[in-house]
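Please read it with the structure open beside you.

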Amino acid sequence: MNPFTYSRVVDPNEAVTGIAAKPQGKFLGGGTNLIDLMKMGVETPDALIDINRLPLAQIEELPDNKGVRVGAMVRNSDLAEHALIRSRYPVLSEALLSGASPQLRNMATVGGNLLQRTRCYYFYDPAFPACNKRNPGSSCGAIDGYNRIHAILGQSEQCIATHPSDMCVALAALDAIVRVRGPKGEREIPFADFHRLPGNTPQRDTNLEHDELIEYVDLPAIPFASRSHYLKVRDRASYAFALVSVAAALDFDSSKKIKAARIALGGVAHKPWRANAAEKKLIGQPADEKTFRAAGEAELAAAKGYKHNSFKIELAKRAIVRALTTLGGMA
Amino acid sequence: MNTPTVGKPLTRVDGRLKVTGAATYAAEFQRPQLAYGTLIQSAIANGHVVKLDTSAAKSAPGVVAILTRENTPGFKPYPDDLTKKGAPGENRMPLQDDEVHYAGQHLGVVVAETFEQATYAASLVRVTYQAQSPIIDLPDQRAANTATTPEKFIGREDLQVKRGDADGALAGAAHKIDATYSTPVENHNPIETYSTTAEWEAADRLLVHECTRGIKQLQRILAACFGLPVEHIRIICPFIGGAFGSKGFQWSQTLLAAAAARLLQRPVKLTFSRSQMFDSAGQRAQTEQHFTVGADKNGKLVALRHATTTHSSPISEYTEPCGNMSRMLYSCPNVDVTHRLVKLNLTSPCPMRAPGECPGVFALECAMDEIAHETGIDPVEFRLRNYADRDEHQNRPWSMKNLRECYERGADKFGWSKRNQKPASMRGRDGSQIGFGMATAIYPAAQQKAGATATLNQDGTVVVRSATHEIGTGTYTAMSQFAADTLGLPVEKIRFELGDSAFPVAPNNGGSWLTASVGPAVIGACGELKKKVLDQFGHWPNERELSSLSAPIRSEFTSEPNKEERGKFSFFSYGAIFVEVHVDIFGQTRVKRATGVYDVGRMINPKLARSQIMGGLLFAISTALFEATIPDQATGRVVNSNLAEYHVAVHADAPPEFDIDFIDKPDPHMPDLGARGIGEIGITGAPAAVANAIFHATGKRVRNLPITPDKLI
Ligand SMILES: Cc1cc2nc3c(=O)[nH]c(=O)nc-3n(C[C@H](O)[C@H](O)[C@H](O)COP(=O)(O)OP(=O)(O)OC[C@H]3O[C@@H](n4cnc5c(N)ncnc54)[C@H](O)[C@@H]3O)c2cc1C
Ligand code: SF4
């Protein structure tokens, strides 16, 4: 770990001024990802600004039934167990509880979870010479290397990493809004625009600026999200990142045809993958396996696998079918 | 007289120390003036170091010394017997040349006032290499060029064995299978990482705190390498936080810590990070095992050929002995067992839990499942038809064998008769495929020379000592039981001490021989003590008599295996393991039930025994479904060198309950108590039981471990 300064802030403006003055500085949330990466020498901030005392740890209803506002410092376990979340957005609760371990969830914050970095092996260990995300221009070690956990959708020749978060897959399906504060004030970032695809700049995971602080995540009111579900496929029963995951919610009309659908995939792309093509396929259709399979096929039509991860394509289709079947069964 | 404790489920005598954190592990010993070392490691896997630039590291805060090839004293060679052909551990002395044989190889040590400073400074060392592309794969032609066919495993077991005419028998066999199984590199990953604290008490006296399960061996290694008398080296190790085959043998970090301490004239501590557990001191080699098996129309084996290819590093000859159990587990007139060793640019392999038996019996027991399926005979019935009534390899009777009873009791408890023999025929309510699988477990029951002293103190306590180890298996407890029972005292009156090289000789902790080796020494020493005391007092002294003792009464005993008995019989422990798996549409496998019945001789402590088997079974589930160390093809570096990406079984992967049972009959030919080893047997066979159950569930035969979802969808 390289030497760094440490300071603690209690006010969001102080946090923003502090980070603006430190181009190499980082906010410290739960530290479960950042400290790991610092130990590995992947992240080398010269200053840590501890934001754990910011007054951003509440979960509250927005006025006029507009939804729920979640503070950036809310711990993953608190969010998962909160009554509002469990009743209105079960997909989010399930996604959180499927992630990491209880100890990690007790530390991990909403803001930090949004910004956790890829688990790509070549990114995580600086002794690997090639990684465009860690060291732009050094090429991608995974594309011809061991790429079992890598992307099948939206990747580029420069980077085939995946975003590892479970929580964010649920947030993508729920059309969450990320509210941030920078030196020039506050702004809102729709969830679909928060994380980026790698393109030619895989070093940039998100559209958040260095001097911006995540303050809240707003969950819009989606009445049918009370019938939503998160399905995670993984190598062991717990404490493993998703090979593939699905966050889904379905709404039905009076004739039991699908009226609205929200689907997002995890483990398949550089960002939580909103499955627009699959959603489109479902509208107006009966909730049966044939429909679900067609939706899966539509979404994965553009998928491309590599030496070790091609199995994810079929896995993702099956996961879509199973998640939707589970929801169909609740109708 | 106190009632005997042997056979009783005593709770660990060191349990309280452990759960309260009061048990002191190697990295926790604080020494005055301690400095901290961090390894400088090679980023390449094949080639040599051109330049090692330490200028930036030297001026980093807190750095007190940097040990590299340039300022390292020449170490004298390792003791001969440790580097002879096939021995585990490395034969190259550290920092003696610029060659690099695998990624992570130690190139030096940075020593600083704190661990953090040392780690940071080590990251500033710049190494220039001349790199060659590493040889990583068994099938690589460059690896084939290095192939040898080693004769013996660590100078003991025959690795190339031929009995009868396998080719001829195969030609006429009614049923045949031909299959290749492979197992990956695995790492031991005990929770406690390696740690060494070296301290020169005088110019020629070295004190080392290290988690080693080879105290006496490490003492000999350091004496040889520093050219000192053995008694000038002292090794202390009261607790080991798991080993599973690691923490034995000669690896470079102990020498480097000792050399750094000498250079600095202050104690130096060197503790591995988790990722260093993957590249710095041993791992299980990958194996490729080709089976050709023939049976007659009644399901009687007529030929069994088991050809193993495995690897070592360029600086070790250690050979994973996969075929040893294939020589004799079943009755078969024509047997052909071979081992082929190639050299790869991967960390030097060494034993890992049931070396040879774990991958070897996995392949053997899958092959038996396949041939049973081929002949249309139930797998348990098939094994009974091929039951070996004597060891056909050594041509000797078994010391004792109750394997038949293991099969029968196990099948009964598990409900094996409910198994529909047809693969992919059973389904759960949630749509998952259900499979029942079984396998035989087997592990040699060895014994080694060991000594102990016993001392009766004026306060009535008896201190028993042996230079043995506590790797978490329950040595403190079992030895206290032996002492208490021999002396007729309550266990509370016994203090068993281990983990000090000044104590009487004990073997490396391995091969599941600890209890059978050190037990007789403890019983012997306590027996002698009792005799001495009774000679003096005519009875066991009361408090008053004890307090008037002018000096403690002491005895010593060394036990050796009975050569004649060991030559007459063949010694093994056995078991039968049955599992139920559920496989879902995503290829996720869950082990729902596991029933194991084991024949391990007399039960010393059923609670400890159950824990040992349970740990072995968890390890086996892990082996079957999760564990694999994956080297990057281009660089030879391990891609998953952490516990987030190298998966071991977690709680959620365990079946709700392990149904573990023991035959509990003393082996008449094991000394004193009739107890055989009970460490490694749990991990043998069980991975095959899982793989066989997966075949039964899905109809898919996956022959390469681990069986991850991608192989099943
Ligand atoms: C072994 C292991 C297993 C795991 N398994 C899973 C899993 O299965 N599923 C899963 O989803 N996750 C998993 N995780 C990841 C875990 O969810 C993340 O590490 C965690 O969510 C990060 O949150 P944190 O608060 O600790 O972030 P930190 O480590 O503190 O920060 C991460 C990043 O976010 C930045 N940051 C934090 N808060 C803010 C803010 N308010 N504004 C701006 N920037 C901010 C920091 O500067 C840093 O760059 C696992 C982690 C580990 C170590
Ligand atoms: S996939 Fe992305 S993160 Fe991984 S090596 Fe390639 S560039 Fe780096």
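1. A:Asp175 sits in the loop between H9 and strand S6 (177–182) of chain A, where helices (H or I, at least four residues) and strands (E, at least two) are DSSP runs numbered from the N terminus. A:Asp175 is not a glycine, yet its phi is positive, at about 55°.

2. A word on the basis of these points: this is a predicted model, in which local features need pLDDT of at least 70 and side-chain atom pairs count only at pLDDT 80 or more, while totals for chains, interfaces and linings use all residues. Residues are numbered from 1 along each chain as its sequence is written, chains are lettered from A and ligands numbered from 1 in the order in which they are written, and side-chain values use heavy atoms, with hydrogens and water left out.

3. Backbone geometry also deserves a look in chain B, where the peptide bond from B:Leu705 to B:Pro706 is cis, with omega near -5°. B:Pro706 belongs to the segment after helix H17 (686–698) of chain B.

4. Domain bounds here come from an automatic or database domain assignment. For chain A the assignment gives domain 1 (5–52) and domain 2 (229–328), whose C-alpha centres lie 36 Å apart. For chain B it gives domain 1 (15–23 + 448–560), domain 2 (31–132 + 190–273) and domain 3 (157–186 + 283–446 + 567–712).

5. Within chain B, the C-alpha centres of domain 1 and domain 3 lie 37 Å apart, and 14 residues of domain 1 are in contact with 16 residues of domain 3, contact meaning heavy atoms within 4.5 Å. The two domains bury about 1,200 Å² between them, 61% of it on carbon and sulfur atoms; buried area is the accessible area (1.4 Å probe) that two parts lose on being put together, summed over both. On the domain 1 side, B:Thr473, B:Ser512 and B:Ala516 lose the most area to domain 3, together 39% of what that side buries.

6. Which interactions cross the interface of domain 1 and domain 3 of chain B? The rule finds zero salt bridges there, but five residue pairs in polar contact, both at pLDDT 80 or more. A polar contact is a pair of N or O atoms within 3.5 Å; within protein, one must be able to donate a hydrogen and the other to accept it, and residues adjacent in sequence count only if both atoms are side-chain atoms. The elements that give two or more residues to the domain 1 side are helix H12 (475–487) and helix H13 (514–537) of chain B.

7. H13(B) has 24 residues and reaches 34 Å from its first C-alpha to its last, close to the 34 Å expected at 1.5 Å a residue, the expected span being 1.5 Å times one less than the number of residues. H13(B) is followed by B:Gly538, whose phi is positive, near 80°.

8. Between the chains, the contact takes 27 residues from chain B and 31 residues from chain A, and the two bury about 2,600 Å², 63% of it on carbon and sulfur atoms. B:Phe586, B:Val639 and B:Ile713 supply 21% of the area that chain B buries against chain A, more than any other three residues.

Notes
A salt bridge is a side-chain nitrogen of Lys or Arg within 4 Å of a carboxyl oxygen of Asp or Glu.
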